[in-house]
Amino acid sequence: MPTNSFATERYHSINAFYLHNAHGEKQAVRFEAVPDDDYKELVELDQTPADALQQQLAEQLKNQPVKFDLLFTLANSSDDENNPTIPWPATRKTVNAGTLVITNWRPQNEGKCDAQNFDPLVLPEGMSATADPILRARGAAYAQSYRRRATETLLDAKSENQQGARNGSK
């Protein structure tokens, strides 16, 4: 069943990462963003427009922020942090690391990230990648996707400029 809202979805990291403490010790974790319960009563989404979810999010943010708890599931010594295809048991310790709060939204092509490539290996201080080969392959796949999108944007702009030049010269 398609989602009714970005605000009601659970977002999972299938890849593990290491968290490092001040003593240099590391802990493998997988993380998950769990939606706040405030969004359970959303009206049924009109999925007719292609950007229905974006429209719904923009409307929702006019009334209240969207919140997610950021949960870290801690691996133990029997868990393989380098293989995202093997689920860790539900009995693993989970730590609530804080709340992600979304207060504003704008279309992707107007945002600060529009001209940036997502790389899952660009991590903040205190966090590092495992040796997971899938995690390492994602960066190259995302870079190729970015290049394709950038080429499409460039070709669309070039086509619009050529069309405008033809229309202006008549």
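## First stop: the helix

Select A58: you have landed in helix α1. (Helices are DSSP runs of H or I with at least four residues, strands are runs of E with at least two, and both are numbered from the N terminus.) A58 is partly exposed, with a relative accessible area of 23%. On the scale used here, buried means under 20% relative accessible area, exposed means over 50%, and partly exposed is in between, using a 1.4 Å probe and protein chains only.

Before moving on, some ground rules. This is a predicted model, so to speak of local features here takes pLDDT of at least 70 and side-chain atom pairs count only at pLDDT 80 or more, while totals for chains, interfaces and linings use all residues. Residues are numbered from 1 along each chain as its sequence is written, and side-chain values use heavy atoms, with hydrogens and water left out.

Next, colour the whole of α1. This helix has 12 residues and reaches 17 Å from its first C-alpha to its last. That is close to the 16 Å expected at 1.5 Å a residue, where the expected span is 1.5 Å times one less than the number of residues.

Which residues of α1 are buried? Select A52, Q56, L57, Q60 and L61. They cover an arc of only 165° around the axis, which puts them on the same side of α1; the arc is that of the directions from the helix axis to the C-beta atoms. An α-helix has 3.6 residues a turn, so residues three or four places apart point the same way. What covers the buried residues of α1 includes β4 and β5 (94–102).

## Second stop: the cores

Show side chains for A7, A33, L57, L61, V66 and F68, the 6 residues of the largest nonpolar core. (Such a core is a set of buried Ala, Val, Leu, Ile, Met, Phe, Trp, Tyr and Cys residues joined through side-chain atoms within 4.5 Å.) α1 (52–63) and β4 (66–74) each supply at least two residues of this core. Apart from it lies another core, of 5 residues, among them A16, Y18, A28 and W88.

Back to A33 for a moment. Leaving aside neighbours within four places in sequence, A33 is in contact (heavy atoms within 4.5 Å) with E9, R10, Y11, F68, D69 and L100.

Click on A28, in strand β3. At 7% relative accessibility, A28 counts as buried. Now pick A75: it lies 47 residues from A28 along the chain, yet their C-alpha atoms are separated by 5.4 Å. Not counting residues up to four places away in sequence, A28 touches F17, Y18, T73, L74, A75, E81 and W88.

Slide along to E32, also in β3 (residues 26–35). Is E32 buried or exposed? It is buried, with a relative accessible area of 15%. The side chain of E32 makes a polar contact with the side chain of H12, at 3.5 Å. (A polar contact is a pair of N or O atoms within 3.5 Å; within protein, one must be able to donate a hydrogen and the other to accept it, and residues adjacent in sequence count only if both atoms are side-chain atoms.) Among the residues E32 touches beyond four places in sequence are D69, L70 and L71.

Select L19, in strand β2 (residues 17–20). L19 is partly exposed, with a relative accessible area of 24%. Now find G126, 107 residues from L19 along the chain: the C-alpha atoms are separated by 5.7 Å. Beyond four places in sequence, L19 touches residues including V29, F72, G126 and M127.

Jump to D79, in the loop between β4 and β5. D79 is buried, with a relative accessible area of 9%. What does the side chain of D79 meet? A polar contact of 2.6 Å joins it to the side chain of R92, and a polar atom of the D79 side chain lies 2.8 Å from the backbone nitrogen of N76.

## Zoom out

Show everything as a cartoon: the protein has 2 helices and 6 strands, in the pattern β-β-β-α-β-β-β-α along the sequence. Buried residues make up 25% of its 170 residues.
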